[in-house]
Amino acid sequence: MGKALAGVVLLAASAAHGAEVSVAVAANFAAPMQQIAMQFQRDTGHKAVLSFGATGKFYAQIANGAPFGVLLAGDDATPEKIAREGLGNGATRFTYAIGRLVLWSKQAGYVDAEGKVLQQSDWRHIAVANPKLAPYGLAAVQTLDKLGLTAQVQPRMVTGENIGQTYQFAASGNAQLGFVALSQVMEGGRLREGSAWVVPASMHAPIRQDAIVLKPGQGNAAAAALMDYLRGDKVRAIIQSYGYSF
């Protein structure tokens, strides 16, 4: 009887320790979050099951009952709206990163340090994420507006559904230029390849990226643990290495 009881206790402890949470992650945060999720599982025993996409699309899915436990948005407006509408717990919301926009080309030496390449005529296409769905797309449009180049650039725009697809357009060479997230082209504090202009933060509204526990994640041990884990120094170092700030 004692052994049976001990077995039940161990099983319960193991189940509590190894909880799982489904996490909707803004596409710009894919690379750091994959690294964080592996470290999270090693350190806590909990598992984060990741889905990547546009924040706007995730909102629509969440509103329609998608069983995500946590949202790591590409903005702060969507989690605020989710809290207001009772789709998530507003008390859990916090800014896990502030994103940086970059004009990038796969070709080394092509993009100058001030982004003056935008005014040249020798490129055919520029990739921009859908500004209605993706916060980085909105930041790109705001930047072009500020530069007074929107009308000039618009005929050559190709629109990605999210920042992941936008990066693919530029990485494949289908677009010579792309407004992408710095995190997609930076690793370990350095540009991985190509050439880039890091857009000054003053050119667009701040890209504050908020996390929130959603209704299906309330009471989930892995969801609570992940939110705590994202605030830790180890994770912050990973996030900063991809070009984000706080």
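Author: A crossing of two helices is right-handed if the near helix is turned clockwise from the far one by less than a right angle, and left-handed if the turn is anticlockwise. In this predicted model, the crossing of α3 and α4 is right-handed.

Reader: What makes α3 and α4 roughly parallel?

Author: Their packing angle is about 15°, with the axes 10 Å apart. Angles under 35 degrees count as roughly parallel, so α3 is roughly parallel to α4.

Reader: Which residues of α3 and α4 meet?

Author: T55, Y59 and I62 come from α3, and T78, K81 and I82 from α4. By class, the contact of α3 with α4 has 3 nonpolar, 2 polar and 1 charged.

Reader: Which residues of α4 are buried?

Author: In α4, residues 77-84, the buried ones are T78, P79 and I82.

Reader: How do you know that they are on the same side of α4?

Author: Around the axis they cover an arc of only 95°, which puts them on the same side of α4. An α-helix has 3.6 residues a turn, so residues three or four places apart point the same way.

Reader: What covers the buried residues of α4?

Author: The cover includes the helix α3 (55-63) and the strands β3 (70-72), β4 (88-99) and β12 (207-214). Just after α4, G86 has a positive phi of about 75°.

Reader: Why are α2 and α10 called roughly antiparallel?

Author: Helix α2, residues 30-44, packs against helix α10, residues 233-241, at an angle of about 160°. An angle over 145 degrees counts as roughly antiparallel, and α2 and α10 are therefore roughly antiparallel to each other. Their axes are 10 Å apart, and α2 passes α10 in a right-handed crossing.

Reader: Which residues make the contact of α2 and α10?

Author: From α2 they are P32, Q35, I36, Q39 and D43, and from α10 they are K234, V235, I238 and I239. The contact of α2 with α10 divides into 5 nonpolar, 2 polar and 2 charged residues.

Reader: Why is A19 called buried?

Author: A19 has a relative accessible area of 15%. Buried means under 20%, so A19 is buried.

Reader: Where is A19 found, and what is A19 in contact with?

Author: A19 is in the loop between α1 (2-17) and β1 (20-26). Leaving aside its neighbours within four places in sequence, A19 is in contact with H46, K47, N220, A221 and A222. The C-alpha atom of A19 is separated by 9.6 Å from that of T44, 25 residues apart along the chain.

Methods:
Residues are numbered from 1 along each chain as its sequence is written. This is a predicted model: local features need pLDDT of at least 70, side-chain atom pairs count only at pLDDT 80 or more; totals for chains, interfaces and linings use all residues. Side-chain values use heavy atoms; hydrogens and water are left out. Helices (H or I, at least four residues) and strands (E, at least two) are DSSP runs, numbered from the N terminus. Buried means under 20% relative accessible area, exposed over 50%, partly exposed in between (1.4 Å probe, protein chains only). Contact means heavy atoms within 4.5 Å. The arc is that of the directions from the helix axis to the C-beta atoms. Axes are lines fitted to C-alpha atoms, for helices over the stretch in contact, and angles run from 0 to 180 degrees between N-to-C directions. Angles under 35 degrees count as roughly parallel, over 145 as roughly antiparallel, 65 to 115 as roughly perpendicular and the rest as oblique. Ala, Val, Leu, Ile, Met, Phe, Trp, Tyr, Cys and Pro count as nonpolar, Asp, Glu, Lys and Arg as charged, and the others, Gly among them, as polar.
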